[in-house]
Amino acid sequence: MGTGMKWIATVLCALAFGAGSVTATIAAEGEEIDRHGMENDMPIPVDDAKALENGKERYGARCSYCHTPLGRGGSSSVCLACQKYKWGSKSSAIYATIAAGRPGTKMGAFATSLSQEEIVNIIAYIRTLQEKKIQDDLASAKQ
Ligand code: HEC
């Protein structure tokens, strides 16, 4: 019994060390993460907690039923959390997509039902969804 417990302790210890080194590797690789497609060429309140909260709320109310809460598919078949966009992923292009819609597709125009501020807040929130996907992909690549 005593030996068994020692063995378990050794395994737990190895796991703890293993987990520590995985975290370190992810952090080290974080320096080289490719964030192309996330460029903001107009002011987007990415560091403003209140704006992000509003963007999250508006996204949840107006966008997520087609784009899903994490922006990774759904009925839109579009991955907003990815970095490659068909219609352009610089903030000015996303703004145009949301405001004017993309005629001939199910992506409608929101210029009359969302304010300019709400649209930029939503774009700030979409940037957090992209960042979350980068981090999730890194974490699952390490498993
Ligand atoms: C009725 C479903 C629906 C709703 C609601 C909707 N979308 Fe879309 N959206 C789509 C579809 C479908 C596309 C793909 C259009 C195409 O075929 O290119 C799309 C495309 C987009 C794109 C372009 C993606 C690319 O690859 O260029 C963006 C950005 C986007 N939507 C953001 C939003 C935001 C933000 C909201 C909420 C304000 C929203 N959408 C609401 C269905 C929807």
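Predicted model: local features only at pLDDT ≥ 70, side-chain atom pairs only at ≥ 80, totals over all residues.

Trainee: Where is K90 found?

Mentor: K90 sits in the loop between helix 3 and helix 4. Helices (H or I, at least four residues) and strands (E, at least two) are DSSP runs, numbered from the N terminus.

Trainee: Which residues does K90 touch, leaving out those up to four places away in sequence?

Mentor: K90 touches E39 and D41. Contact means that the C-beta atoms of two residues, placed from the backbone, lie within 7 Å. K90 and N40 are 50 residues apart in sequence, and their C-alpha atoms are 5.6 Å apart in space.

Trainee: How many helices and strands does the chain have?

Mentor: The chain has five helices and zero strands. Along the sequence the pattern reads α-α-α-α-α.

Trainee: And what share of the chain is buried?

Mentor: Buried residues are 19% of the 143 residues in the chain. Among contacts with a separation of 6 or more, 68% join residues 24 or more positions apart.

Trainee: Which residues touch the most other members of the largest nonpolar core?

Mentor: They are I119, I122, I123, A124, Y125 and I126, in a core of 18 residues. Helix 5 gives the most to this core, with eight residues. A nonpolar core is a set of buried Ala, Val, Leu, Ile, Met, Phe, Trp, Tyr and Cys residues joined through C-beta atoms within 7 Å.

Trainee: What does I126 touch beyond four places in sequence?

Mentor: I126 touches G71, L80 and I94. L80 counts as buried, because it has 24 C-beta neighbours inside 10 Å. Leaving aside neighbours within four places in sequence, L80 is in contact with H67, G71, I126 and L129. L80 lies in the loop between helix 3 and helix 4.

Trainee: Changing topic: at what angle do the axes of helix 2 and helix 5 cross?

Mentor: The axes of helix 2 (residues 49-62) and helix 5 (residues 116-141) cross at roughly 90° and come within 7 Å. Therefore helix 2 is roughly perpendicular to helix 5. Axes are lines fitted to C-alpha atoms, for helices over the stretch in contact, and angles run from 0 to 180 degrees between N-to-C directions. Angles under 35 degrees count as roughly parallel, over 145 as roughly antiparallel, 65 to 115 as roughly perpendicular and the rest as oblique.

Trainee: Which residues meet there?

Mentor: From helix 2, A51, L52, N54, G55, K56, R58 and Y59 meet E118, N121, I122, A124, Y125 and T128 of helix 5. By class, this contact of helix 2 with helix 5 has six nonpolar, four polar and three charged residues. Ala, Val, Leu, Ile, Met, Phe, Trp, Tyr, Cys and Pro count as nonpolar, Asp, Glu, Lys and Arg as charged, and the others, Gly among them, as polar.

Trainee: How many residues surround the ligand?

Mentor: There are 19 residues around the ligand, and the closest are C63, C66, W87, T105 and M107. Helix 3 (64-67) and helix 4 (91-100) are the elements that give two or more residues to this shell. A residue is near a molecule or strand if its C-beta atom, placed from the backbone, lies within 6 Å of it.

Trainee: Which helix gives the most to the shell?

Mentor: Helix 4 does, with three residues. The shell around the ligand has 11 nonpolar, four polar and four charged residues.

Trainee: Last one: what is the phi of T68?

Mentor: T68 has a positive phi of about 70°, although it is not a glycine. Most residues other than glycine have a negative phi. T68 lies in the loop between helix 3 and helix 4.

Key:
Residues numbered from 1 in each chain as written. Buried ≥ 20, exposed ≤ 12 C-beta atoms within 10 Å, placed from the backbone.
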